[in-house]
Amino acid sequence: MSAVQRAVPLVALADLVAGQEADCFALLSRREELQTKDGKPYFRVTFRDARREIAFPIWSDSAWAIACRDTWTVGGCYKLRVVLRETNFGPQLEIRKIREAGPDDAADGFDPAMFLPRSRFDSVQMFDELAGLARDRIAEPELRQLVLDVLEQNREQLLRWPAARRNHHAFAGGFLEHVLNVTRHATWLAEQYDRLYPDLEPRLNVGLVTAGAIVHDLGKLRELELLPDGTQYTAAGNLIGHILQGRDMLREAAAGRAIDPELLLRLEHVIVAHQRLPEWGSPKPPMTPEAMIVHYADDLDAKYQMLYRALADESGTGPITSSRNPMNQPFYRGG
């Protein structure tokens with residue numbers, strides 16, 4: 001063997017393989033104080049990155065028991081030296097070294113945001129496309145500028161925000177991914193129906209559909225807050241929800257602008273009606289063509305992403321998935 005000791009590789013937690021010793025960055029997402037059936041105390045800890053989560057015990061006689069109890073912080077970011085062990089209870093980490101990660105680790109790729117699942121698509125490109133749809137499809141200058149200003153004023157938050165705490169697009173950049181999909185599809189549908197029904201009175205306003213699709217979930221910027229270990233509802237999110245807060249944000253942005261009151265009313269209606277049912281949070285059902293189109297584009301995109309995740313996350317091998325998914329139903333994958 002060489003006299004020079006080989007360096008321990010730095011790999012992502014998600015890429016560890018059984019028996020491998022490696023350094024990795026991970027977030028402590030959970031720490032529970034439990035007891036065995038015999039009354040022996042222990043901690044069950046969960047470390048995660050954006051693609052993998054591993055839970056395992058820290059026994060009371062472990063060298064790490066005191067540190068786990070006194071210094072390990074849920075939501076904290078750590079650099080670990082570990083060996084991945086496959087056991088009858090699933091993968092577990094044998095910890096060799098552990099310390100808090102910080103700015104000095106940036107050269108090795110550490111970023112506190114690295115532990116959150118992210119959209120497959122670039123957030124800046126999605127933002128630019130969404131702004132481009134507003135510029136190209138909204139004919140009324142005042143409405144177009146209102147929507148563009150709302151986007152620009154919330155740009156930094158929009159680049160990072162999830163669309164939900166769980167269920168659909170619940171990852172960094174998920175808000176933009178969902179809203180961009182809804183805007184693309186709703187605008188296309190509006191253009192088709194406007195060609196089919198040019199005699200509709202009042203005529204379908206394609207630009208209003210585009211504007212409504214862009215702002216329909218605006219209140220989620222106040223309903224949700226990001227933490228290192230995920231997303232939680234704000235106090236206002238729990239007590240008021242995103243629909244009324246979205247209307248409030250639109251009214252705040254529109255204050256003092258020379259926007260046709262009827263146009264603004266119809267845009268507000270898209271926001272308050274986009275969930276359609278009271279049990280889903282909407283005080284009113286869609287009562288205009290524009291609101292109806294945005295509702296169904298929104299509903300389809302949310303449900304399709306849930307279906308995608310149900311198929312992608314299914315661990316079974318049969319042609320029918322389990323119903324353990326946000327839609328609470330099985331799906332057919334084929335034989």
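**Rings, charges and pockets**

Analyst: Phenylalanine 25 and phenylalanine 110 are both buried, where buried means under 20% relative accessible area, exposed over 50% and partly exposed in between, with a 1.4 Å probe and protein chains only.

User: Thanks! What kind of model is this, and how are residues numbered?

Analyst: The model is predicted, so local features need pLDDT of at least 70 and side-chain atom pairs count only at pLDDT 80 or more, while totals for chains, interfaces and linings use all residues. Residues are numbered from 1 along each chain as its sequence is written, and side-chain values use heavy atoms, leaving out hydrogens and water.

User: How many aromatic pairs does the rule give?

Analyst: The count is 7 aromatic pairs. Phenylalanine 25 and phenylalanine 110 are one of them, at 5.4 Å centre to centre with 45° between the planes. Rings of Phe, Tyr and Trp (its six-membered ring) pair if their centres lie within 6.5 Å, and planes under 30 degrees apart are stacked, over 60 edge-to-face and the rest tilted. This pair is therefore tilted.

User: Why is the Phe25 and Phe110 pair said to tie parts together?

Analyst: Phenylalanine 25 belongs to strand β1 (residues 21-35) and phenylalanine 110 to the loop between β5 (90-100) and α2 (123-137), so the pair ties together parts 85 residues apart in sequence. Helices (H or I, at least four residues) and strands (E, at least two) are DSSP runs numbered from the N terminus.

Tyrosine 42 and tryptophan 59 also make a tilted pair, at 4.9 Å between centres and 45° between planes. Here strand β2 (residues 41-48) holds tyrosine 42 and strand β3 (residues 53-59) holds tryptophan 59, 17 residues apart.

User: Are tyrosine 42 and tryptophan 59 buried or partly exposed?

Analyst: They fall into separate classes: tyrosine 42 has a relative accessible area of 16%, so tyrosine 42 is buried, whereas tryptophan 59 reaches 36%, so tryptophan 59 is partly exposed.

User: Which residues form the aromatic cluster?

Analyst: Phe47, Phe56, Trp72 and Tyr78 form one cluster.

User: What makes arginine 120 sit over the ring of tyrosine 308?

Analyst: The charged end of arginine 120 is 5.4 Å from the ring centre of tyrosine 308, and a charge sits over a ring if NZ of Lys or CZ of Arg is within 6 Å of the ring centre and within 35 degrees of the ring normal. Arginine 155 likewise has its charged end over the ring of phenylalanine 127, at 4.7 Å from the centre.

User: How much space lies in the largest pocket, and which residues are closest to its centre?

Analyst: The largest pocket holds about 1200 Å³. Its lining has 40 residues, with Pro117, Ala170, Phe171, Arg309 and Asp313 closest to the centre. Two or more lining residues come from each of β1, α5 (174-196), β6 (224-227), β7 (230-233) and α11 (289-313), and α11 gives the most, with 6 residues. A pocket is an open set of points on a 1 Å grid where a 1.4 Å probe fits, with protein on both sides within 12 Å along at least five of seven lines; lining residues have an atom within 4 Å of a point.

User: What about the second largest pocket?

Analyst: About 680 Å³ of space lies there. Among its 30 lining residues, Asn167, His168, Lys220, Gln275 and Trp280 lie nearest the centre. Helix α11 supplies the largest share of this lining, 6 residues.

User: How many helices and strands does the chain have?

Analyst: The protein chain has 11 helices and 7 strands, and 46% of its 335 residues count as buried.

How values were computed
Grid points are joined across faces, edges and corners, and a volume is the space filled by probe spheres set on the points.
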